[in-house]
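Welcome! Here is a short tour of a protein chain, taken one topic at a time. Have a look at the sequence and the 3D view before reading on.

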Amino acid sequence: MKYLGKKPFSSFHLYALSLISGLLMGVTVAPVGAWFLAWFALAPLWVIVVKYTKNTILPAFIWAIAYHGVALSWITGIYPMDWLGVPALPGLAITLFCWSFISLWGGILVSVWAALMVRLDQEKPWLRVLIGTALWCGLESLWSASPLWWSSLSYTQSPHNLVILHLGQLSGTTTVTAVIVAVNGLVAEAWIYCCTQRRTLAWAGFPTCAKCPSRRGAKEEGSLRKSFVNPYLVVGCSLLVISHIIGFVLYNQPLIQNPDTNLKIGIIQGNIPNQIKLRPQGLRRAIEGYTEGYLKLANQGVDGVLIPEAALPFFQRNLQQTSFLKAVREKGVVAWIGAFGERGNSYTNSLFTVTAQGEITSRYDKSKLVPLGEYIPFEQILGAIIQRLSPLDEHQVPGLPNQVFDTPFGRAIVGICYESAFPEIFRRQAFLGGQFILSASNDAHYTAAMSDQHHAQDIMRAIETDRWAVRATNTGYSAFVDPHGRTLWKSGHNTYEIHAETIYRRQTQTLYVRWGDWLMPLLLGLAGLGWFLGGTIK
């Protein structure tokens, strides 16, 4: 077994170290928000993967379970599920299954990374850092193309480290993830190098402790010690500083706003608990609350009003009979309404544009549905085991991937709830001319930590696309975010609120919007070339 120091670590030590470092990475996001830990919390696992090649997969799996399990623990907020008619014990079983499943899914990602690192064993540390970074970014990109995705390493920095998040304007989340993984890899290699040099000093006859008496002449010992400058630590610190300097430059770019592009947008946070949302009490409360809020905002002179995902739980054909649409026709202020669309015998979770005349002129259907929440993967197999969580009898179906959303004020970028975790959806709409972001969500069945993480995702999307973002949720957190990721206003949690802010339509295109995630294939290409020229497959 390869090992560091005088004695090899036991398996228990490896597992404990993996667990602790994974937990540290898990608390980088809400509710703790210790974002700075992300810059070294992966390093212990890296050392284990490099030096303990016979015991790699399980420590990697433990690390990932700890990270994803802690970061996504808000999923347990779906319990109790009595409002869906699910008894206590089955509801608990479903909750634990969901939490376990998403943690295991993340565990597979990191385990695959560790297995590939061992398989592509490379004795050159610099090339090892390049390969490790490229593999992680490639796997994150692959996972983000799947139906189940949320916890990229990049989101550990949102919303606190806005400077580094601006690297997302270059190549999306891959840029931020690459820097985090590379810095961690360099920290790990610095530790390995340090341990190696300590052994070299010992073999040369010098003590490895400053308190021990010298065995050689002080001049000769000092000369040898000076030759052991840790290049990996120097490069790691330099990469950390330089990446933040680049981000700082992007962060301080002035937001040049043309007064002709301004829009005063209002949001309504209805605060309708899911327990009553589809009952007569909840329907009355929704109609009354959203209509009253709309009238108040219209009287404040707003240009448009955004309400949350499925705020009015009606099909499109029934919206015209609601008092909300009557208020729109009376006040003549554009509204964006979260409701349900129809597609054959199925339905869609949609956002509709209602013009000043009360006509529905555009529709966006949610394209990324929540597995187990809005649809059952392999339903013919799992449907008999897991009760469908959707409140309607018909099957919910996803929207098409190439949708655009035109409004009376120009084209908008739309994200409905879970879609906030998928940057490509926002990038594509920005590339096709989207000028501002409308994000509609319903996080009522989760804890405040989930709402904070959801807000953090929308902040990243605003920065990457260089767009103003309006976020309306059912119970919080609703917010307004500028293109630099700064939150202008943020609602309370589990409160009814209305608010209006001025945003600006923008037509700029960041490097990421124009070229997409170009860094990931570049890293994989460089890593493959480096391995081919300098490495061997075991």
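## The chain as a whole

What percentage of the 538 residues in the chain is buried? Buried residues make up 55% of them, where buried means under 20% relative accessible area, exposed means over 50%, and partly exposed lies in between (1.4 Å probe, protein chains only). This is a predicted model, in which local features need pLDDT of at least 70, side-chain atom pairs count only at pLDDT 80 or more, and totals for chains, interfaces and linings use all residues. Residues are numbered from 1 along each chain as its sequence is written, and side-chain values use heavy atoms, leaving out hydrogens and water.

You will find 18 helices and 12 strands in the chain; these are DSSP runs numbered from the N terminus, with helices (H or I) of at least four residues and strands (E) of at least two. A contact is a pair of heavy atoms within 4.5 Å. Among contacts between residues at least 6 apart in sequence, 73% join residues at least 24 apart.

## Spans listed in UniProt

An unreviewed UniProt entry gives the feature "transmembrane region" for several spans, including residues 12-30 and 60-79. UniProt positions follow the numbering used here, feature names are shortened, and annotations may be inferred rather than shown by experiment. In the model, residues 12-30 are 79% helix and 0% strand, with end C-alpha atoms 29 Å apart. Residues 60-79 are 60% helix and 0% strand, and their end C-alpha atoms also lie 29 Å apart.

## Nonpolar cores

A nonpolar core is a set of buried Ala, Val, Leu, Ile, Met, Phe, Trp, Tyr and Cys residues joined through side-chain atoms within 4.5 Å. The largest one here has 107 residues, and those with the most contacts inside it include Trp63, Trp113 and Trp336. Helix 8 (residues 173-203) gives this core its largest share, 12 residues. A second, separate core has 26 residues, among them Val328 and Ala500.

Let's zoom in on tryptophan 113. Leaving aside neighbours within four places in sequence, tryptophan 113 touches residues including Leu45, Trp46, Gly132 and Trp136.

## A covered glycine

Glycine 91 lies in helix 4 (residues 88-119). Is glycine 91 buried or exposed? Glycine 91 counts as buried because its relative accessibility is 0%. Beyond its neighbours within four places in sequence, glycine 91 is in contact with Tyr79, Met81 and Val86. Methionine 81 is 10 residues away in sequence, yet the two C-alpha atoms are 5.6 Å apart.

## Salt bridges

The whole structure holds 14 salt bridges, each a side-chain nitrogen of Lys or Arg within 4 Å of a carboxyl oxygen of Asp or Glu. One of them joins glutamate 292 to lysine 296, with the closest N and O atoms 3.3 Å apart. Glutamate 292 is partly exposed at 42% relative accessible area, and lysine 296 is partly exposed at 43%.

Another bridge pairs arginine 471 with aspartate 458, whose closest N and O atoms are 2.9 Å apart. This pair links distant parts of the chain, strand 9 (residues 469-473) and helix 16 (residues 448-465). Both arginine 471 and aspartate 458 are buried.
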